[in-house]
Amino acid sequence: MLLKKEINVPSDFKGRHIRLEFDSIIRWSKIYLNGEYLGENFSGVVPISIDITDKVKYGATNEILIWITTEQDPRTVTCNMFVKGPGKMGLPSINGRVAIASYPIVYVENVFIKPSVRKKELTVDFTLVNTSKDTKNVILHNSIAKWVKDVNPGLYTKDSIKGGVDIEK
């Protein structure tokens, strides 16, 4: 099965980190953008995210081409244990959302907040991602969400619920 879609990527996305994202592609698939091979999916229900920052044409039409086969990739072993749709067992398909996502060049991901009621504090673990080739100086800022203060004013001593990243000029 060959799926083709033409999309226009806004020119104001230039200077940002651009990814092609799929909620899932069932069965073995190969993904292309403007005729250039991006990668493969070896069957499954896991999300797929591909960096297309250097491959996309900004302010112009881009062609996404997805080849999906009913055959199994010879390099993998799979089973049809996932039912997708009414009575469809393991049929080749794209499930859920497909998007061209635009992210800042520097951003925070994998945020894990660990509360300690006993210590009245929050511990925050995160990954700071810099997708540019240059070193960036950043300022991390945060604030505690208003609803938490209203529920139990004095519970948290660290302002760690909500935050962001500013890139120093």
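Reader: Two strands count as paired if DSSP finds at least two bridges between them. On that basis, what is the strand order in the open sheet of three?

Author: The order is β5-β2-β7, and the pairing is antiparallel. Strands here are DSSP runs of E with at least two residues, helices are runs of H or I with at least four, and both are numbered from the N terminus. This is a predicted model, in which local features need pLDDT of at least 70 and side-chain atom pairs count only at pLDDT 80 or more, while totals for chains, interfaces and linings use all residues. Residues are numbered from 1 along each chain as its sequence is written, and side-chain values use heavy atoms, with hydrogens and water left out.

Reader: Which strands stand at the edges of that sheet?

Author: β5 (48-51) and β7 (93-103) do. Each has a single partner strand, so one side of each has no neighbour in the sheet.

Reader: And how many bridges join β2 to β7?

Author: Nine, with β2 covering residues 17-26 and running antiparallel to β7. For a landmark, look at Ile26, which stands opposite Ser93 in β7.

Reader: Switching to β3. Which way does β3 pair with β4, parallel or antiparallel?

Author: Antiparallel, over six bridges between β3 (residues 28-33) and β4 (residues 36-42). Ile31 faces Gly39 of β4 across that pairing.

Reader: What happens at the turn of that hairpin?

Author: Two residues lie between the strands, and Asn34 takes a positive phi near 50 degrees.

Reader: How many bridges does β3 make with β6?

Author: Five, again in the antiparallel sense. In that pairing, Tyr32 is opposite Leu65 of β6.

Reader: Now confidence. What does the chain average in pLDDT?

Author: The mean is 76, and 70% of the residues score at least 70. pLDDT is the predictor's confidence in each residue, from 0 to 100.

Reader: Which elements have the lowest and highest mean?

Author: Helix α1 (residues 146-151) is the lowest of the chain's elements, with a mean pLDDT of 53. Strand β6 (residues 60-68) is the highest, at 91. That is the strand with Leu65, the residue opposite Tyr32.

Reader: Where does pLDDT stay under 50?

Author: One such stretch is residues 79-87, and another is residues 156-162.

Reader: How many contacts does the model have for them beyond four places in sequence?

Author: Counting heavy atoms within 4.5 Å as a contact, the model has twelve for residues 79-87. For residues 156-162 it has 27.
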